[in-house]
Amino acid sequence: MSKQGTFALALSLLVVLGFTGCSSGGGATSGETGKPAPAKDPDPVTLKLFTHQPMTAADFQLLIADPVKKKYPYITVELLPFKATDIENAVAAKEQIDLITIWNGNINPNRELGIFGDITPLAKTAGFDLGRFDQEALKTLRSLSDKGELYGLPYNMQFNALYYNKDIFDKFGVPYPQDGMTWDDALQLAKRLTRTEDGTAYSGLGMDSWSRLTYPLSLIPVDAKTNLSAVNSDLYRKAFSMGKQLFSIPGNAANFTTNDFIKEKKQAMIASVNLLDLLTKSDLNWDIAQFPSYKESPNVYGMYDLHVIAISSTSKYKEAAMKALEVLFTDDNQKISTRNTGRVSLLTNPDIRKEFGADNPALKDKKLNSIFKSRPAYAPPFSKFQSKGSEIVLKHYKDFLADKKDLNTMLRDAEEEINQYIKTQ
């Protein structure tokens with residue numbers, strides 16, 4: 001065959017092969033049909049959720065397990081039993097931990113376990129918009145890392161409020177507490193309501209923790225960077241001076257419990273965190289007002305008290321875990337959360353906040369909007385000595401309230417005892 005003939009034959013074959021390729025769509029084929037082969041289903045993945053911050057089984061099913069399974073049938077999320085004190089043992093035993101629920105105050109004390117990693121790259125790869133979150137909350141979480149890494153995402157936030165017994169106010173003809181009150185205003189109101197009537201002693205205002213006075217000033221007993229106490233300061237003097245005035249009202253003794261308010265019904269007001277679960281199960285005639293604030297820091301309560309969900313750095317299934325978080329943080333899922341659980345979402349979509357407590361009939365006529373008139377203060381990183389430091393402060397604070405010590409002595413003694421304790425560890 002001539003060279004021209006050989007070239008023509010080759011060209012003909014190329015044309016035929018080209019048309020054959022076009023007819024197949026250029027993709028994989030299934031047998032002789034020319035149709036694309038079906039995509040392979042992802043391999044099943046089981047994620048283990050470790051609850052350092054407790055989550056009820058009902059909330060877990062409602063907000064994580066069921067919606068994740070619905071969107072991603074190959075992903076199963078299992079809730080491990082609550083064992084906050086066993087996190088070190090779980091890590092040491094190399095148990096499977098893919099997701100962790102934890103309070104932001106407990107992240108820094110457990111950083112040395114090496115289970116927290118930066119979620120930012122996973123979010124970026126997944127196209128997950130971190131701009132939907134309260135940025136001050138994320139700033140609080142980023143401050144836990146020396147490099148500004150984001151160790152997790154907040155799935156709800158504890159709030160502070162002033163709860164009041166309407167029957168006591170009505171009995172004494174005192175107007176209900178108003179939103180926007182300062183601590184000085186609350187103090188004057190407490191004086192009017194602390195009295196004995198028909199043999200029953202009523203107290204005007206209590207609180208479930210002394211930190212209700214210190215947290216709005218971003219005060220903690222131990223500096224996490226220096227591991228030294230920081231209680232002997234002017235801000236602590238400010239907070240505890242207010243506490244002294246409040247609990248020096250005759251008959252308004254500090255007991256740091258909700259019992260007098262909810263069960264005994266002898267307390268007119270209590271400054272506390274979220275008591276909605278307890279109150280909606282009681283027969284107390286109650287309502288809610290904005291948490292009191294210091295006049296120099298109006299409309300500020302507590303600190304960023306965040307319930308965080310993190311992806312463990314030890315997980316083999318980080319991409320699947322990120323998909324689970326995508327589902328948890330959809331607007332629809334967050335609306336379900338705030339409607340059903342009465343917890344505050346950290347997504348800034350105002351439509352979510354409007355749904356707060358909507359599915360609980362017992363909250364129908366309550367002034368829930370008062371909760372959202374305040375914003376939380378910055379929460380500094382907590383030291384691993386936070387708990388012991390708080391215990392020591394409370395001991396000396398009680399001595400101060402009982403007139404066993406003056407304020408300066410109380411703060412000096414508390415600081416010295418905390419620092420001495422840290423030195424021995």
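Student: Are F133 and F329 buried or exposed in this model, and what makes a residue one or the other?
Tutor: F133 is buried, and so is F329, because buried means under 20% relative accessible area, exposed over 50% and partly exposed in between (1.4 Å probe, protein chains only). This is a predicted model, so local features need pLDDT of at least 70 and side-chain atom pairs count only at 80 or more, while totals for chains, interfaces and linings use all residues. Residues are numbered from 1 along each chain as its sequence is written, and side-chain values use heavy atoms, leaving out hydrogens and water.

Student: How many aromatic pairs are there, and why is F133 with F329 called edge-to-face?
Tutor: Searching the whole structure gives 24 aromatic pairs. For F133 and F329, the centres are 5.1 Å apart and the planes at 65 degrees, so the pair is edge-to-face. Rings of Phe, Tyr and Trp (its six-membered ring) pair if their centres lie within 6.5 Å; planes under 30 degrees apart are stacked, over 60 edge-to-face, and the rest tilted.

Student: What makes W183 and Y294 a tilted pair?
Tutor: Their planes are 50 degrees apart, with 6.5 Å centre to centre, so the pair falls in neither the stacked nor the edge-to-face class. The pair joins distant parts of the chain, 111 residues apart. W183 is buried, as is Y294.

Student: How do you know that R195 lies over the face of F172?
Tutor: R195 is 4.1 Å from the ring centre. The rule asks for NZ of Lys or CZ of Arg within 6 Å of the ring centre and within 35 degrees of the ring normal. K366 also lies over a ring face, that of W286, at 4.5 Å from the ring centre.

Methods: Helix = DSSP H or I, 4+ residues; strand = E, 2+ residues; numbered from the N terminus.
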